[in-house]
Amino acid sequence: MQPVYICRNRVEIDKNSLLGDINFPADLRKLSVDQLPQLCKELRADIIKELSVNPGHFASSLGAIEITVALHYVYNTPEDRIVWDVGHQAYGHKILTGRKDRFYTNRKLHGIKPFPSPLESEYDSFICGHASNSISVALGMAVAEKQSGSNRKVVAVIGDGSMSGGLAFEGLNNASSMPNDMLIILNDNNMSIDQSVGGIKQYLLKMNTNKTYNAVRFKVSQWLQNMGMLEDDRKHGIMRLSNAVKSAISHQQNIFEGMNIRYFGPFDGHNIKELVRILQQLKDMKGPRLLHLHTVKGKGYEPAEKAATIWHAPGKFDPETGKRIIEGGNNEPAKYQEVFGHTLLELARMNPRIVGVTPAMPTGCSMNIMMEEMPERTFDVGIAEGHAVTFSGGMAKEGLIPFCNIYSAFAQRAYDNIIHDMAMLKLPVVLCLDRAGIVGEDGSTHHGAFDIVSLRAVPNLTISSPMDAHELRKLMYTAQLPGKGSFVIRYPRGGGIPLDWYCPFEEIEIGTGRKLKDGKDTAILTVGPIGNDAAKAIEEAEAERPGTSIAHYDMRFIKPLDESLLHEIGKKFARIMTVENGVRNGGFGSAVLEWLQDHGYNTRVTRLGMPDEFVEHGTVAELHKIVGIDKDNTKRRVLELCDAQ
């Protein structure tokens, strides 16, 4: 059965336009090079109009339009492989590869995926929801091409922000020593979501290759290629000579050519005609190459060019004026991220040992609030989650108290660092896992589904989840007190928190929960903000069934569990239900079930949580309903328990 989309139609595309006649890249290749600037203009305008009413990742895709068009014009996709690094930049790619008429369903329930995926289209070479994997993926494909003897071309498109990730350097290091014909396109706009940071940023800013050298080298490379002198072992001697000449002319050593990866650039990434010419010349060259392109994030839309961070994902807006449409107005409830940011600054004013660490997400996690007042005590380490944790561990070892804020889904890449460089020494790192649980329209690559399952097995970790803003503030305060060790606090995206979220600080005893409501028929045990939906479910269930009595416990800590409450629950109730915003198998409910079994209780436990599958995209409310942790399903299931008594 085909899914039914309950949403508006696609933004109208002029049937007489160039874009109106293009459904696949084969149609694009029928155009002349002189027509490509007009196509780029139309594609950019279409994305602006569409995203003004159907929000998504905006500025990144505008900045990559010319790269997208040039790649599909020069390369024989989908036979040739284009590997995108993070799908933020790939909306133009989606429109040109058979999804133009469905683009209005982007990020909607049952609509096209928020990030490229081969599960959706043969033009999507690989999944790309997390940064820095493109070079490794493309290298694997290029090596497979060598093994099979095919003539398939492989291109990785990576941004300067993603280039700060350690996996990108592992891929570069391997590509330099392994036979392959991969082309790496470095899309350098000096941005990730926030401003790019670190040594790579400074290196790329300073890299201004001598134009005379560039022109001569490009022509010489073509001549050597035609003469067959860039094959096998001969190319390495030529490469070393090229590197020496380049260093002499430009007075700088190129890190890429130092790794025997031939470097071309930097070039203007928005000059589509020049870009096509360069790609045509690079296409058949042998060996690993890197093409460095300068682009502007938000190119072609002035508000986005001036404020790229805000316009990374701006929500709805008026395309004519650039005025953003904030639904709910100034009375919109606060978010957990905002509570975190203001609370962190408040704690940092009280405790000079507190520092903040985030991997490229200061605005998203609201650490920018502390960063503005205390820049010397906040550290954006770039897209490098493993480093963020180990860096925090180093500071903690020397007496500081780092609040390391990482999106839950991205913290998966720091698992070994959490174990080896944080938990083993019981270091006082406060790991704040933002976007825990269902995140909504960003889909399966971004749901914070696995943090409870993966972390509760690690010794020396305290794992907590606040039910509301007051609890978040109290847990943050508790975590920075002496002797608390390695502390994890998980909370969801957004939250709809009342504007009066402020409360005095108060220490919470580790491993203690709260009995929010007593009852006699059955009990619901929750952890985190999903407990608010459970509380409403209990209220409605008891109103619907007069005489029904349901207890509610906010366990607050996943590790250690509140054993006193669990003894009370095990003695009193034959049937209980757990609810969590995370993977059900091995999660909070499993921890409760294991404890009850270990302590001899025969309590029957019904566990609600995310199923053993990757949950796709949709609104948070839609996905909560699908996975069965919404208010209505919780009410239905708890009434079934009461009936079974």
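1. Ground rules. Residues are numbered from 1 along each chain as its sequence is written, and side-chain values use heavy atoms, with hydrogens and water left out. As this is a predicted model, local features need pLDDT of at least 70 and side-chain atom pairs count only at pLDDT 80 or more, while totals for chains, interfaces and linings use all residues.

2. Strand S14. Take a look at residues 550–554: five of the five are buried, so S14 is largely enclosed by the rest of the structure. (Buried is under 20% relative accessible area with a 1.4 Å probe, protein chains only; strands are DSSP E runs of at least two residues and helices are H or I runs of at least four, numbered from the N terminus.) Ile 550, His 552 and Asp 554 sit on one side, Ala 551 and Tyr 553 on the other, and both faces are covered. In a regular strand the side chains alternate between the two faces of the sheet.

3. Its neighbours. S14 pairs with S12 (residues 514–517) in the antiparallel sense over three bridges, and with S13 (residues 522–526) in the parallel sense over five bridges; pairing takes at least two DSSP bridges. Arg 514 stands opposite Asp 554, and Leu 525 opposite Tyr 553.

4. Cavities. There are two cavities of 30 Å³ or more, a cavity being a set of points on a 1 Å grid over the protein atoms alone where a 1.4 Å probe fits but cannot get out.

5. Aromatic pairs. The count is 17, where rings of Phe, Tyr and Trp (its six-membered ring) pair if their centres lie within 6.5 Å, and planes over 60 degrees apart are edge-to-face. Tyr 301 and Trp 311 are edge-to-face, 5.4 Å centre to centre with 65 degrees between the planes. Tyr 301 is in the loop between S5 and H12 and Trp 311 in the loop between H12 and H13, so the pair ties together parts ten residues apart in sequence. Both Tyr 301 and Trp 311 are buried. With Phe 58 and Phe 317, they form one aromatic cluster.

Methods:
Buried < 20%, exposed > 50% of the residue type's maximum accessible area, 1.4 Å probe, protein only. 1 Å grid on protein atoms, 1.4 Å probe; cavity = no way out; pocket = protein on both sides within 12 Å on 5 of 7 lines; lining within 4 Å. Points joined across faces, edges and corners; volume = space filled by probe spheres on them. Phe/Tyr/Trp six-rings, centres within 6.5 Å; stacked < 30°, edge-to-face > 60°.
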